Each structure stands twice: as structure tokens, then as C-alpha cells.
Amino acid sequence: MAGITRGFLGRRGERDPRLPPGQYDARDQWPVLHAEATPRISTDTWTFTVEGLVEHEVSWTWDEIHALPRARYDGAIHCVTTWSKFDMTFDGVSVDTLLEAARPLPSTTHVMAVSHTGYTTNLPLADVTDGKAWVVWDADGAPLTVEHGGPARLLVPHLYFWKSAKWVSGLRLMDHDEPGFWERNGYHDRGDPWAEQRYQGD
């Protein structure tokens, strides 16, 4: 990727401590990477559903989810393809707010994020609760573009970005782990950038 400085070096030649191992600072660029054709999803028909091991299956329309308390994330994102991007702002709703409405059963241990395209990715419940995950529709003060997952995507910024499912349509709560799309194709089940959990066996 021309024009990107790989690994910011400070005044003393030190690596930026915000960069996880093996990552470089994408600076002003936000690379577009996905395994599917880019869909065109109207907000008139968009929905988000929490289902599975819940007391109440709940779905929201675009207007209904925007009526929920807003939440913001300020910070970095990290892609398994080795770029990181700092000082980003995302606005949307906390996954905690959505789960509070659905009331997960005590047996819930994992969630499967599902997209309108059929894409899936698995996550431990602990990685999407306690202020760690959001459904977002604005990035840096502007509506999320379709290339970056708009109208809304999942945001789980402490994990590699393939876990932040684009074009997200819901969460299915489960009492076990099962692989999603990239996990079935050799990627790590969890994807912690600081542990370099890129591929199965890492």
C-alpha cells in the first residue's frame, strides 16, 4: 500500500507503543477488505435481531435502534492484515444495551455475529459485554460507508477487525463455540491482536 509508513518511529526511534506486534500505522488510510460482494442495504428494510439463548428474542428497525441510548467508542482498530488505525470515533449503541433487552440465559457462553450477507463470526460472550462492543453507524462524524460495513456494523475493537462484522444483522446467543466464516477457513477463533492470534494454532 503506497504512501503508508509501516511502524511509526518516535523521536528516539522507538516503535509506537499503541501498535500491537506485527502491525503498522495506516495513518490517514482506512483499507477496504472483505470476502463478499458489497451489498446495498436500505435502512427502510434494515433490522437487527438478538436471538438464541435469550428470554426474549428482540428485533429493531433502523429507527428503533436509533431511539436507544447512544454510545461512542474513541480509539484504535486493528486488522489481521497488519494495519492499525488510531484516533477513530464510532457512534452507535452498546451491545450491552441490546443484550439487556433480550436477557441472555445463564447458559450463554458465546455469540455468533450474523450479517445481512450471510457472513458470520464467533465471539465469546465476554468479548461483547461490559463495554467492549457496539453496533455502529457513524465513523468519525459521518455515516458509515457501505464499503466499511454501512449502514451498520459490529465493532469489537480490542480484537482483530474481522470480528467486527460488516453489514451486521444480529447476534445469535449460544451455549457453545462454533466457527464463523473466517474461522472455518483457518483464522483464529478469538483474534487478540496483542497475542497475534491470527490463525488457528497461534
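Arg190 is partly exposed, with a relative accessible area of 29%. In this predicted model, the side chain of Arg190 meets that of Asp192 in a salt bridge. The N-to-O distance is 3.7 Å. Asp192 is buried, at a relative accessible area of 17%. That value falls in the buried class because the cut-off is under 20%. Arg190 has 29%, and partly exposed covers the range between the buried limit and the exposed limit of over 50%.

The structure holds ten salt bridges. Side chains of opposite charge can pair when their charged atoms come close. Arg18 and Asp87 form one of these bridges, and their closest N and O atoms are 3.7 Å apart. This pair links distant parts of the chain. Arg18 lies in the segment before strand S1 (24–25). Asp87 belongs to strand S5, residues 83–94. Arg18 is partly exposed, with 39% relative accessible area. Asp87 reaches 63% relative accessibility and counts as exposed, because the exposed class begins over 50%. The pair also belongs to a network of salt bridges, in which Asp16, Arg18 and Asp87 are linked.

A salt bridge also joins the side chains of Asp138 and Arg70, with an N-to-O distance of 3.6 Å. Here too, distant parts of the chain are linked, 68 residues apart. Asp138 sits in strand S8, residues 134–139. Arg70 sits in the loop between helix H1 (62–66) and strand S4 (71–78). Asp138 counts as buried at 18% relative accessibility. Arg70 is partly exposed, with a relative accessible area of 48%. The limit for exposed is over 50%, so a value of 48% stays in the partly exposed class.

Backbone geometry was examined next. The peptide bond from Gly150 to Pro151 is cis, with omega near 15°. Pro151 is found in the loop between strand S9 (142–143) and strand S10 (153–155). Arg103 has a positive phi, near 60°, although it is a residue other than glycine. Arg103 lies in the loop between helix H2 (95–102) and strand S6 (110–115). Its relative accessibility is 43%, and Arg103 counts as partly exposed. Asp130 is also a residue other than glycine with a positive phi, near 60°. The loop between strand S7 (120–124) and S8 holds Asp130. With a relative accessible area of 67%, Asp130 is exposed.

Strand S7 itself contains Thr121. At 0% relative accessibility, Thr121 counts as buried, because buried means under 20%. The side chain of Thr121 is joined to that of Glu183 by a polar contact of 2.8 Å. Glu183 is also among the residues that Thr121 touches, when residues up to four places away in sequence are not counted. Val111, Met112 and Ala113 are touched as well. So are Trp162, Lys163 and Ala165, together with Gly180.

Terms used. Residues are numbered from 1 along each chain as its sequence is written. This is a predicted model: local features need pLDDT of at least 70, side-chain atom pairs count only at pLDDT 80 or more; totals for chains, interfaces and linings use all residues. Side-chain values use heavy atoms; hydrogens and water are left out. A salt bridge is a side-chain nitrogen of Lys or Arg within 4 Å of a carboxyl oxygen of Asp or Glu. Helices (H or I, at least four residues) and strands (E, at least two) are DSSP runs, numbered from the N terminus. Buried means under 20% relative accessible area, exposed over 50%, partly exposed in between (1.4 Å probe, protein chains only). A polar contact is a pair of N or O atoms within 3.5 Å; within protein, one must be able to donate a hydrogen and the other to accept it, and residues adjacent in sequence count only if both atoms are side-chain atoms. Contact means heavy atoms within 4.5 Å.
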